[in-house]
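Please look over the sequence and the structure first.

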Amino acid sequence: MTLQLNCDLGESFGSWKMGLDEAVMPHIDQANIACGFHAGDPLVLEKTLKLAKENNVTIGAHPGYPDLVGFGRRSIKASPAELKAMVMYQIAAIDGMAASLGLTLAYVKPHGAMYNDMMANIDVRKVIMEAIASYQRPLVLMLQSTPEADTIQAEADAAGISLWFEIFADRCYDDDGKLLARSKPGAVHTKDKMLAQVKQLKEQGTITTVSGNVLNLRADTLCVHGDNMDGVNAIQEIREMIKQ
């Protein structure tokens with residue numbers, strides 16, 4: 001199994017520093033870069049794009065709900081037309097800045113509550129797919145791999161877009177293939193459990209759920225988080241593991 005590593009970056013804002021982008025970027029393949037609605041600002045976006053260019057990292061738009069205070073983790077009710085427009089607006093912002101730096105935007109991965117809403121609600125998912133399909137050139141949608149991957153793939157085929165399915169390296173999975181709620185014990189893996197999950201996925205194409213069940217999941221890319229040095233060190237070990 002060939003896996004890429006993706007990470008959410010560019011989420012600082014003004015005087016507020018979020019993440020360790022400079023330490024993370026050399027060890028990943030794909031950067032999900034905030035577009036200014038849930039985090040990031042024009043200067044942070046430009047700096048993050050330049051950092052990605054220096055490290056030959058593929059760039060993706062990371063659009064979210066317009067919710068700086070809540071970091072995009074709160075759902076916002078929006079009409080289909082509003083949702084489509086806010087996604088396209090954010091894609092266009094990063095795409096334009098990327099082009100000015102000689103970079104090409106490759107994909108879209110929604111952030112936070114928008115991502116969760118997309119996975120839980122087919123109507124939201126179809127609007128986001130429509131927004132991507134309506135863009136001026138092809139872009140890939142990155143979203144969570146679940147046991148319903150074939151159904152979601154069929155939706156994407158109907159919309160005329162391509163998908164990359166992702167697995168979360170540091171999160172425990174519930175028996176239905178969704179992420180275990182953060183409110184439950186063990187929702188976020190320790191470093192040892194994270195490495196074990198990645199090893200199992202790499203070698204067997206499966207993950208083990210919270211109850212010990214084994215699930216086969218499609219996986220094109222692994223989501224990793226590097227907002228502390230322990231996380232950065234784990235990313236380096238994961239990269240060595242999946243590139244072997």
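**Contacts and overall fold**

Of the contacts in the protein (heavy atoms within 4.5 Å) between residues at least 6 apart in sequence, 71% join residues at least 24 apart. The model is predicted: local features need pLDDT of at least 70, side-chain atom pairs count only at pLDDT 80 or more, and totals for chains, interfaces and linings use all residues. Residues are numbered from 1 along each chain as its sequence is written, and side-chain values use heavy atoms, leaving out hydrogens and water.

Fold and size
- The protein has 8 helices and 9 strands, taken as DSSP runs (helices H or I, at least four residues; strands E, at least two) numbered from the N terminus.
- The radius of gyration, over C-alpha atoms, is 17 Å, close to the 18 Å from the globule rule for 244 residues, so the protein is as compact as a globular protein of that length; the rule is 2.2 Å times the number of residues to the power 0.38.
- Along the principal axes, the C-alpha atoms fill a box of roughly 45 × 35 × 30 Å.

Burial
- Buried residues make up 52% of the 244; buried means under 20% relative accessible area, with a 1.4 Å probe and protein chains only.

Cysteines
- The disulfide count is 0, where a disulfide is a pair of cysteine sulfur atoms within 2.5 Å.
- Cysteine 7 is in no disulfide; its nearest cysteine sulfur, that of cysteine 223, is 6.6 Å away.
- Cysteine 7 counts as buried, at 2% relative accessibility.
- For cysteine 172, the closest cysteine sulfur is in cysteine 223, 16 Å away and too far for a bond.
- Cysteine 172 also counts as buried, at 6% relative accessibility.

Note on methods
Buried < 20%, exposed > 50% of the residue type's maximum accessible area, 1.4 Å probe, protein only.
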